[in-house]
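This report walks through selected features of the structure shown below. Please keep the sequence and the coordinates open while reading.

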Amino acid sequence: MTDITPSAPKGRIGKIIDSDVFYSYRTSPVAIIASIIATILVLGALFAPWIAPYDPFNPRTLNLMNGFTPPMSESFTGNFFLFGSDHQGRDVFSAILYGSRVSLMVGLSAIMFAMVLGVSLGLIAGYRGGLTDTVIMRIADVQLSFPSILIALLIFGVARGIIPPSQQESMAIFVLIFAIGLSDWAQFARTVRGTTMVEKQKDYVSAARILGVKPIFILIRHILPNVVGPVLVIATIGLALAIIAEATLSFLGVGVPPTQPSLGTLIRIGQQFLFSGEWWILFYPAVTLILLALSVNLLGDWLRDALNPRLR
Amino acid sequence: MLAFILTRLGQSVLVMLAVSLISFIMFRYVGDPVASLVSQEASIADQEQLRERLGLNDPFYEQFFRFVWNAIQGNFGISYRLQTPVAELIMSRLPATIELAMTSALIALVFGIVLGVFTALNRKNPFAAGIMAFSLIGVSLPTFLIGIGLIYVFAVELQWLPSFGRGAVVDLGWWRTGFLTETGLRSIILPAITLSLFQLTLIMRLVRAEMLEVLRQDYIKFARARGLSKRAINFSHALKNTLVPVITIAGLQLGSIITGALITETVFQWPGIGSLFLSSVAVVDVPVMAAYLIFVGFVFVIINLIVDILYYVVDPRLRIGGTAKGH
Amino acid sequence: MTETLKAAPVSQPVLSVKDLKVVFHLRRGDFTAVDGISFDIMPGEVLGVVGESGAGKSMTGTAIMGLIDRPGEVTATSISLKGERIDGLDEESMRRIRGKRIGMVFQDPLTSLNPLYTVGEQLIETIRRHLPLNEKQARERAIELLADAGIPDPAGRIDSYPHQFSGGMRQRVVISLALAAEPELVIADEPTSALDVSVQAQIIKVLKRLCAQRGVAVMLITHDMGVIAEAADRMIVMNKGKIVETGPVGDIIHRPQEPYTIKLIEAIPSIKSQNPRYVAAVAKGEVAIGGKTDAPIVTVDNLSKVFDLSPSLFARVLGGKSRKLVNAVNDVSFSIQRGQTYGLVGESGSGKSTCARMIVGLLEPTSGSIKLEGADIWRDKEATARRRQKIQMIFQDPYASLNPRWRVGEIIAEPIRALGISKNATEIGDRVADLLERVRLDPAAMRKYPHEFSGGQRQRIAIARALSSQPEFIICDEPTSALDVSVQAQVLELMSRLQEEFGLTYLLISHNLAVIRQMADAVGVLHNGVMVENGEVEQIFSDPRADYTRMLLDAVPDIAKVA
Amino acid sequence: MRISLKAIVAGLMATSMIAGAANAETLRWARQSDALTLDPHSQNQGVTHTFNHHIYETLLDRDVEGTLQPRLATDWYVKEGDDTVWVFELREGVTFHGGEEFTADDVVFSIERAKSANSNMRQLHADVESATAVDDYTVEIQMAGPSPLYPNNVTNTFIMDRGWSEENDLIEVQDFAAGEENFAVRNTNGTGPYILTERDPDVRSVLTVNEDWWGEAPQVTEIIYTPIADNATRIAALLSGEVDLVQDVPVQDIDRLAGTQGIKVETGPENRTIYFGYAMDDEPLISSNITDENPFANPLVREAMDLVVDRDAIRQVVMRGQSIPTCVNMPPFVDGWTEELSACPAVDVERANELMAEAGYPDGFSVTLDTPNDRYVNDEAISQAVVGMLGQIGIDVTLASRPVAQHSPLILENQTDFYLLGWGVPTFDSAYIFNDLVHTKTDEYGTYNIGLYSNPEVDAMIEELGVMTDLEARAGVVADIWEQVQEDRVFLTIHVQELAYAMSDDLTLAVHPENQPNMTSVVIE
């Protein structure tokens, strides 16, 4: 079809506002609502120390006798807890803010780790081809067929064995990131490999090879920028999955220390009180987790369609 | 075809060996099985003696080769926890897992494909958009929460369905099935839904994306230009082509249904190998854990083989070599 | 043949289009692809519709078939088929017309057929959809159709899958499908563009023959004036959604009236026109153009490339499969004189691109040597370094040869930076600006991205990049085959001028014989990896020695062949 | 897969049999985990013993108050004139499920088997030199020295039939290294009130009443035992009426269950204390910011910790009232327990802070607390609460929470500074506590003396206890040891945990202090 000469406004911001991606955002109510929710949750997590009425991670400020205070009511010591308090007398609202922080930190770091690993391996596999490709992609296949929770569980177990016990708690969060990240790289590798195999056949790569540009620079400077789109989509959806994986691992009893709970840990704790009537301990963290994962997923979904030129 | 399968089998053996090596290395670090084998009163000398007898003090490679050698003969040792041969234990739990996985896979495939096709064909339909958004809930909720939620609603509050186990089972020789009794069928509903939700969402989205891609192909346009009916175009032309790439991903996903039932089985006390594995992890029952991982590797190999064969069946380009290439 | 049909006493046109408009409602406003065109096709007539990309010619065909999808909208005063209105019909009624009364042939036979069904299944499905035949009768008819389309052993091949046919055979299947239900009109949208020259000619013949036999009218849409000249009775020239000129083919090609048509026809090179430089040389009396006065800049000796497409060792041992080796280039030798253009001609699969990739250092030869100024570029380290600077390449697809994520300035500067010619940012900037000017682009272009340019402009950017390392030798691999003829003419003109300006040597690879004749001083003809003929351009074009070259020259649809 | 019609019919019949047997006397019993094995001497583990008590029997057992009761032995006493020999007189007319008669020879065989190398019960019979059958119904057990409390050790040692065992090659206990399954793991032949009719480990076991049992016929005639690991699922199963009796009821669900129509909850203390231990040697801690000394070695610090831990708050909030706060590391069932020892100091944060300053840690210090999270009632939550309380005196505690399978090896290797542990006392005697927890760590003693407390005087007294026969004098020594232990604050004891059984309200079953309820005692209304 003909290229339509765009009468696009100039200027960087103007270009962004005029871009197709932004247009598809403006016209998608789902994307707008999802991004608003995600932004609120991320900001809440980011500014938790300033927003949260209490510091749930500081055991000194807790009073056990405040435990199980229902939402919107006064506790034993006369404190007011918006979403009630949990079994340790922690303010559930503050715990959610701080917990989202942990969850997001773990999720983002894990997905970054998976991304770096998966993208690098995918680039190498796609570019080198041959045996390198077979080996890497075979590992990725095996990896994909192993449930990620199982892999994370095993890594967690191994880490428990390797790291000296006295450092295990401080290392726990890194182990978690590593474990979730390592169980997630294959998706990136597969996609990036596919795109790389297409891109490396393109003549702009040949043009660089003619000049004797080293493969590593071709990968980084030429091919990498062209795989960003699909990688971004996987990363977004992967983020939601990583947050949920963290919650599931918490349910299985491996994860961050209960004194510094993530959303998943809060849910694990809360689900013990499902039948005993203290519904708020489970309900609010669960709703927060769902909202977070759902909004991130919806954004990823929208991004996938927006970045696909053929769907526009 | 045969050569291809043999090649794949060769690769699979390597995969299995790698899996067993990795799992073996891992188990050295997950904990001390002796601690859970002995009683509260056991003296340190007694513990050391047990460790020696179990061969836990042998060099690593010796333990590994012993393990592989025994595994080849189908002997995975004795479960530390339940004291029964692991192979027997796994075989007795396998039917439960396979029945659950197959039911879930069926739900995921049927609903995934139907909804995927529906949403692809009605891209701008608000109802389809609703399905798309709603389906995301399936991947936005941790499995354990879905399971507990379903139990709370359908077992505790409504008391419609059982909350745990697989009901009455019928013994068919070496296979114990829950499909032949009413309680068995009722018991499988909640866990199967819980387990299938995630895969359902994935398959549905995959089918939708692939279908949209296929619908843009020239042969679809040409089929329209030939005046074929909408049904023929959508289902016999577009859907069949959609399914080719879906097979791989769906195959791998179904593999992970069988192996990923860990959480679901635990929540519903489903007596499959997933819950067996998790109870074994808790007490470092190494023989069971190792056998489970080998099993997972085995499932992977089988699923891959099936996927490859399906590819051959579905796609004539692989089945029949081209007589002419290019123009 | 066409004469007799034209004389047939049918006054009613098969298709009558009045004031057809196709508008796409896009978010930046409406885009009119077809802007109120009207035309008729008479029974048995072959109407050629020609135009450059974006002229709206394909859109016209698609609109008649009712296959325009959202956000496109078709409006017309009327479209009638044998006097019956077919515009504004509902989808179901339209479906009964498609395939039944109007058949359609698309450009790419590779993608037009569903890969998962045999050609028989697809034929029978179409036949039974439109004709009251049972499975067996439909199959017989399908075999007949395939036989008519010139497929050997149709009864045996009917159960084959599309991938088992070659491109030309596949297009015959597509034509059979279009004719399966005895339509009154066939719309052929670029039916030969994806095919090799020799196959192209056969397909045009088949299409013409089948339509003539059945008295079917044809709307032949193409960008290739040669094809129109060969096949059509009457033609329409379209530009920007409008009809520019219409009339009998011979009239328009020989006596175009409109300025657009005049320019278009001027731009089309013909294999019948002699090489301008040769003509100039003859005029000056220097007939010995390209005489081996200099030492050649590049010498290729006994070059061979074997691709190993064997199954894995494992499969060979276990499955008893044999090795599969493909001789892509087989013992090819030629040399290129400094300052000249060497043309390499051949159909797809002839090995011409493989040769180019070996010369430029992308692919290692299996045997033979490539010498740059006497030094072997694959064995001599120092020659390799020299090659990087002295040999550059221009690629076929201007969309794929520029990294979409890089700014034009960075793209052109890449060779300068990679080869370490300059490290000074201002100096590089100046050079890039200078290069852009030389390829007739605004230096401000360096801050833009490739997607902001048209195909011709991109090819200029690619040329600027090739020039930026100040090479002496440039390999042009089908540099204009993705471009419209008028743009092709401009690019070729630019290349000639730069050749003079910088004293460049070109290796021009093309399947287009007319382009080669116009540009090259010496020519090599490749067929299945073997050099069948090698010599000076006019000698080869005027007096081909090899049968293959002769066949090629005869097959080319060319405007000079018009009656 | 080919299934013959016959197989299906047979299968259907099997199910209908299971379904048909369900009647008013069937008890569907769920708890967290399954018996690990049915081999009576292979595992010394509570859940396993509880299950096996229904099939096999012991010479003696304990009632719900913890007092010894005759079972297969009708009388037991130290042999007159030789205080190293215990005499057990056996019940007559008892038969095994297989029909074999129960005699003294079976007891001798069983004790020898329990003492053998692969047995997990061997520690309890370490002092036995030999067992001899004097006649068919009298057994004499020769001890290495005077062992006044030996009968306490036989309450979980089940009696097997010698003939059946020899026939099935059961002389040895399950040997893991051999890689073969012992016949006794899944097959039983006891004298107990129930006969095993179906066994699917981890899934479901069915016991039917033994019509020939010597005792009073139990009301429950069939037991369907289903382990359900997940707490929520287990409670849901009771709420939805799929099971009748649930053991291991989470404390937070007691109120809800008790308030539910048709369900009632029985609670009672378990014979187990929950306590914190700390490193008491002079080596610096591994996880502290104080790297040159061990703050826990300072008695003032230990006193401060004792003062700041609010056991009542833990009882009220964490345990929902289901615990008995105590400050001595001994359940009230144990000999030597007194109310004075058990009494706790009032919480006094101010004083505790003064003590910390006095000890030289006005700003506190940091340390890691290792806690299991799947072993004791709300173990992790207790630790978490204590973390908050210690925070008030500046002790900055990092909580490391692990499954018991990882927690146990960790503390056994002394890789901990501060840990939570629960200690059950199956012999109901203080010596059991002293031997393992208080005596200096050696090959024989102090296996669980994780804090490496060492007091030679106490050690001497503990060793003396083992051979004392004068029970009164012995009680004096026990009291002396406890006094020293309390003074040195060897343990930071929290409470005795309470157990809860939830059941359909037409049932009555009292909580057993060893958490070993026997379904023979279930009363159905």
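## The sheet of chain C

Strand 15 (residues 367-372) and strand 16 of chain C pair in the antiparallel sense over two bridges, where two strands count as paired if DSSP finds at least two bridges between them. In strand 16, C:A375 is the bridge partner of C:L372. These strands belong to an open sheet of four strands in chain C, with the order 13-12-15-16 and antiparallel pairing, and its edge strands, each pairing on one side only, are strand 13 (325-337) and strand 16 (375-376) of chain C. Strands of a sheet pair through backbone hydrogen bonds, either parallel or antiparallel.

Helix 15 (residues 352-359) of chain C packs on the sheet, where it touches strand 12 (296-308), strand 13 and strand 15 of chain C, and its direction makes about 115° with that of strand 12 of chain C. Helix 16 (residues 381-390) of chain C also packs on the sheet, touching strand 15 and strand 16 of chain C, with its direction at about 60° to that of strand 15 of chain C. Axes are lines fitted to C-alpha atoms, for helices over the stretch in contact, and angles run from 0 to 180 degrees between N-to-C directions.

## Model and conventions

This is a predicted model, in which local features need pLDDT of at least 70 and side-chain atom pairs count only at pLDDT 80 or more, while totals for chains, interfaces and linings use all residues. Residues are numbered from 1 along each chain as its sequence is written, and chains are lettered from A and ligands numbered from 1 in the order in which they are written. Helices (H or I, at least four residues) and strands (E, at least two) are DSSP runs, numbered from the N terminus.

Helix 2 (residues 57-64) of chain C is mostly covered, since eight of its eight residues are buried, a residue being buried if 20 or more other C-beta atoms, placed from the backbone, lie within 10 Å of its own, exposed if 12 or fewer, and partly exposed in between. Among the buried residues are C:K57, C:M59 and C:I64. Helix 2 of chain C is followed by C:G66, whose phi is positive, near 70°.

C:K208 lies in helix 9 (residues 197-214) of chain C, and C:K208 counts as partly exposed because it has 18 C-beta neighbours inside 10 Å. Not counting residues up to four places away in sequence, C:K208 touches C:V46 and C:A231, two residues being in contact if their C-beta atoms, placed from the backbone, lie within 7 Å.

Chain A has 13 helices and two strands, and its C-alpha atoms fill a box of roughly 75 × 55 × 30 Å along the principal axes. Of its 312 residues, 58% count as buried.

The contact between the two chains takes 34 residues from chain A and 32 residues from chain B. On the side of chain B that touches chain A, the elements giving two or more residues include helix 1 (2-27), helix 8 (143-157) and helix 14 (286-314) of chain B, and helix 8 of chain B gives the most, with five residues. By class, this side of chain B has 23 nonpolar, eight polar and one charged residues, where Ala, Val, Leu, Ile, Met, Phe, Trp, Tyr, Cys and Pro count as nonpolar, Asp, Glu, Lys and Arg as charged, and the others, Gly among them, as polar.
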